[in-house]
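Keep the viewer open while you read.

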Amino acid sequence: MTNDHIKVLLPQLRRFAYALCANAADADDLVQQCIEKLWLSPPAAEVPVLAWCFRVIRNQWIDQYRARQLQGMTLSEPELLEQLPGQSSDPQQQIELQQVSRALQQLPQEQREVLALVAVQGFSYAEAAEMLQVPGGTVMSRLARARQQLARWFAQPSEVTE
């Protein structure tokens, strides 16, 4: 694994991590831990590196989430309005981003993961199923439920913004 290969992976890894935790600092920490693990104990040659990295990030995020729950800590309010590269400074767009981020964080973890892989990263159902190590039908049903829930929330936006 060369530096050039890692540079290519970084944007996808960061988007996936951010979709899980909705916090740029936490997402960067997850990506950094993943890259460290990639350098120290890379996957076998036949294992797709990107899929392996997504699994590592997902597992690390789950571990951190569980640790916070065990310690009695709640997840802090996501840093929704921070400026990310390419993000608009338009106040209306920031409000919409805040609403979408809150809605995503209200989805169950399994639905949020599938949504991040298929809708944000653009992977096929089969690729997402392989990365999450679940059947393809499970990916499709989780994605359908996530989309239905988001549609319901945005049909009644007061449920998302409160």
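## About the model

This is a predicted model, in which local features need pLDDT of at least 70 and side-chain atom pairs count only at pLDDT 80 or more, while totals for chains, interfaces and linings use all residues. Residues are numbered from 1 along each chain as its sequence is written, and side-chain values use heavy atoms, with hydrogens and water left out.

## Overall fold

The protein chain has eight helices and zero strands, so its pattern along the sequence reads α-α-α-α-α-α-α-α. Helices here are DSSP runs of H or I with at least four residues, strands are runs of E with at least two, and both are numbered from the N terminus.

Of the 162 residues in the protein chain, 38% are buried. Buried means under 20% relative accessible area, exposed means over 50%, and partly exposed is in between, using a 1.4 Å probe and protein chains only. As for contacts (heavy atoms within 4.5 Å), residues 24 or more positions apart account for 61% of those with a separation of 6 or more.

## The nonpolar core

In soluble globular proteins, nonpolar side chains tend to be buried together. A nonpolar core is a set of buried Ala, Val, Leu, Ile, Met, Phe, Trp, Tyr and Cys residues joined through side-chain atoms within 4.5 Å. In this model the largest one has 42 residues, and Leu 13, Phe 16, Cys 53, Phe 54, Ile 57 and Leu 117 have the most contacts inside it. At least two residues of this core come from each of α1 (3–21), α2 (24–40), α3, α5, α6 and α7.

Not counting residues up to four places away in sequence, Cys 53 touches Leu 9, Leu 13, Cys 34 and Leu 38.

## Aromatic pairs

How many aromatic pairs does a search of the whole structure find? There are two. Rings of Phe, Tyr and Trp (its six-membered ring) pair if their centres lie within 6.5 Å; planes under 30 degrees apart count as stacked, over 60 as edge-to-face and the rest as tilted. Phe 54 and Phe 123 have ring centres 5.4 Å apart and planes at 85°, so this pair is edge-to-face.

Phe 54 lies in helix α3 (residues 49–70), and Phe 123 lies in the loop between α5 (109–120) and α6, so the pair ties together parts that are 69 residues apart in sequence. Both Phe 54 and Phe 123 are buried. Together with Phe 16, these two residues form one aromatic cluster.

## How α6 meets α7

Two packed helices are described by the angle between their axes and the distance between the axes. Axes are lines fitted to C-alpha atoms, for helices over the stretch in contact, and angles run from 0 to 180 degrees between N-to-C directions. Helix α6 (residues 125–132) packs against helix α7 (residues 136–155) at about 105°, with the axes 8 Å apart. The two helices are therefore roughly perpendicular to each other. Angles of 65 to 115 degrees carry that label, whereas those under 35 count as roughly parallel, over 145 as roughly antiparallel and the rest as oblique.

On the α6 side, Tyr 125, Ala 128 and Ala 129 meet Gly 136, Val 139, Met 140, Leu 143 and Arg 147 of α7. The residues of this contact divide into six nonpolar, one polar and one charged. Here Ala, Val, Leu, Ile, Met, Phe, Trp, Tyr, Cys and Pro count as nonpolar, Asp, Glu, Lys and Arg as charged, and the others, Gly among them, as polar.

Most residues other than glycine have a negative phi. Gln 133 has a positive phi of about 55° although it is not a glycine. Gln 133 lies in the loop between α6 and α7, and its relative accessibility of 62% counts as exposed.

Arg 112, in helix α5, counts as buried at 7% relative accessibility. Leaving out residues up to four places away in sequence, Arg 112 touches Ala 19, Leu 20, Trp 61, Leu 104, Gln 105 and Leu 107. Gln 12, in helix α1, is partly exposed at 21%.
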